[in-house]
Amino acid sequence: MPLTIDTDTEWDIEDLQYDIEDTRETDRWLDAPAEIKEAFHQLEWNIIDGEHEDTIDLIEPCLEAKVTARTLIAGPMATGIAEVGRRFKMDEYFLPEVMMSAKCMHAALGRLKPLIIAEKSEEIGTVIVGTVQGDLHDIGKKIVAMMLEAAGFTVVDLGVTVPPEDFIDAIREHDPDIVGFSALLTTTMNMQWETIKAIKNEGLREQVKVFVGGAPISQAWCDKIGADAYAQDALVAVDKARAVMSTYHNMKGGDPELHAAMIAMDEERERAKAESATAG
Ligand code: B1M
């Protein structure tokens, strides 16, 4: 039986900072057994400190204790890299530190990927993902790709700094149901728009549903550039991709009704969350 640990509780990045820095302990994962909580805490610090040679050694005992790959990704890996981002923003960290932390994330994802992919039991569609031109960030995109694959999609990952013409070639070659653009920089988010325009110009827009994601991306941006769905994280990406295949498959890419249906899914999730918070 996998060990269930709550990683859904939202944390505030400022609170997280004080939680991590003041105590070098953590107020998170209160439902985890003490030794797992300590292991999560060490993994979080491993990512913050960028000690990538040791990352796998910290993951193995968690896996042996039946912690799932998803819990590790949504738990200590997410909080560790978030704190790295905060330090970078505040000029407490510079590029070399961030690169070392990214190496930890890549080492961890390399170990966890086969475990996530092994969950795949059906084949439900094809998704092309890529980080848009000019942008080298790929950790989040890799997580999204892994989760989609586990959910039953064939995922074609075009990598990073993907020019619009490569997305177009890939759409022609693979005939995907969905194409997902990742962008982590305010300076590259516009390439999501340019890529949609290029897809339209090639007459391919109606045959694919376009998903957008990445830290600076929002529903408002998705609306503005005429993408079909915004996914704030990998779980939302999977939910919406599944819905596209099961409920909205007959709608064309760019259909305003599809766009509205994707927004309604977010509203429904928020409503359910609020209800369960009130009930709890
Ligand atoms: Co960069 N970086 N970085 N960086 N980096 C950010 C993005 C930044 C916010 C840091 C900061 O200032 N706090 C900042 C951007 C500021 C801005 O644009 N306003 C920044 C900057 C400035 C830069 C450089 C310009 C720095 C420089 O050179 N001076 C440079 C740019 C290089 C380039 O791309 N041309 C740069 C470089 C780097 C590294 C190479 C060192 C490294 C990337 C390594 C790699 O990815 N291979 C790096 C990192 C690691 C970060 C931070 C710290 C972490 C990003 C990350 O992996 N997050 C980041 C800080 C931050 O984001 N707060 C930062 C974890 C990941 C799980 O989350 O990617 O958001 P995320 O993915 C989520 C969702 O967004 C969503 O699902 C994912 C999983 O839940 N999602 C999708 C993402 N893509 C999706 C696609 C979909 C659906 C959902 O389609 C289906």
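## A cobalt ligand and its protein shell

Thr79 sits in helix 4, where helices (H or I, at least four residues) and strands (E, at least two) are DSSP runs numbered from the N terminus. With a relative accessible area of 1%, Thr79 is buried; buried means under 20% relative accessible area, exposed over 50%, and partly exposed in between (1.4 Å probe, protein chains only). Not counting residues up to four places away in sequence, Thr79 touches Trp11, Leu16, Arg28, Trp29 and Glu44, contact meaning heavy atoms within 4.5 Å.

A word on the basis: this is a predicted model, in which local features need pLDDT of at least 70 and side-chain atom pairs count only at pLDDT 80 or more, while totals for chains, interfaces and linings use all residues. Residues are numbered from 1 along each chain as its sequence is written, and side-chain values use heavy atoms, with hydrogens and water left out.

Now to the ligand. Its surroundings comprise 32 residues, and the closest are Leu136, His137, Asp138, Ser182 and Thr186; a residue is near a molecule if one of its heavy atoms lies within 4 Å of it. By class, this shell has 17 nonpolar, 11 polar and 4 charged residues. Here Ala, Val, Leu, Ile, Met, Phe, Trp, Tyr, Cys and Pro count as nonpolar, Asp, Glu, Lys and Arg as charged, and the others, Gly among them, as polar. Helix 4 (69–89), helix 5 (95–117), helix 6 (139–150), strand 3 (178–182) and strand 4 (209–213) each supply at least two shell residues, and helix 5 gives the most, with 5.

The cobalt atom of the ligand has His137 (NE2) as its only protein donor, at 2.2 Å. Donors are N, O and S atoms within 2.8 Å of the metal (3.2 Å for Na, K and Ca); water is not among the atoms, so sites may look incomplete. His137 itself belongs to the loop between strand 1 (125–131) and helix 6.

| Residue (backbone N or O) | Ligand atom | Distance |
|---|---|---|
| Gly134 | nitrogen | 3.0 Å |
| Leu136 | oxygen | 2.6 Å |
| Gly214 | oxygen | 3.4 Å |

Thr131 lies in strand 1 and is buried, at 0% relative accessibility. Thr161 is found in the loop between strand 2 (153–157) and helix 7 (164–174), and counts as partly exposed at 33% relative accessibility. Most residues other than glycine have a negative phi. Lys66, which is not a glycine, also has a positive phi, of about 75°; Lys66 is in the loop between helix 3 and helix 4.

What about the nonpolar interior? The largest nonpolar core has 57 residues, of which Phe40, Leu72, Ile73, Met77, Leu112, Leu148 and Phe153 touch the most other members. Such a core is a set of buried Ala, Val, Leu, Ile, Met, Phe, Trp, Tyr and Cys residues joined through side-chain atoms within 4.5 Å. Helix 5 gives the most to this core, with 8 residues. Another core, of 26 residues, lies apart from it, and includes Ala170, Met191, Ile217 and Ala227.

Note on methods: Polar contact = N/O pair within 3.5 Å; in protein donor to acceptor, adjacent residues only side chain to side chain.
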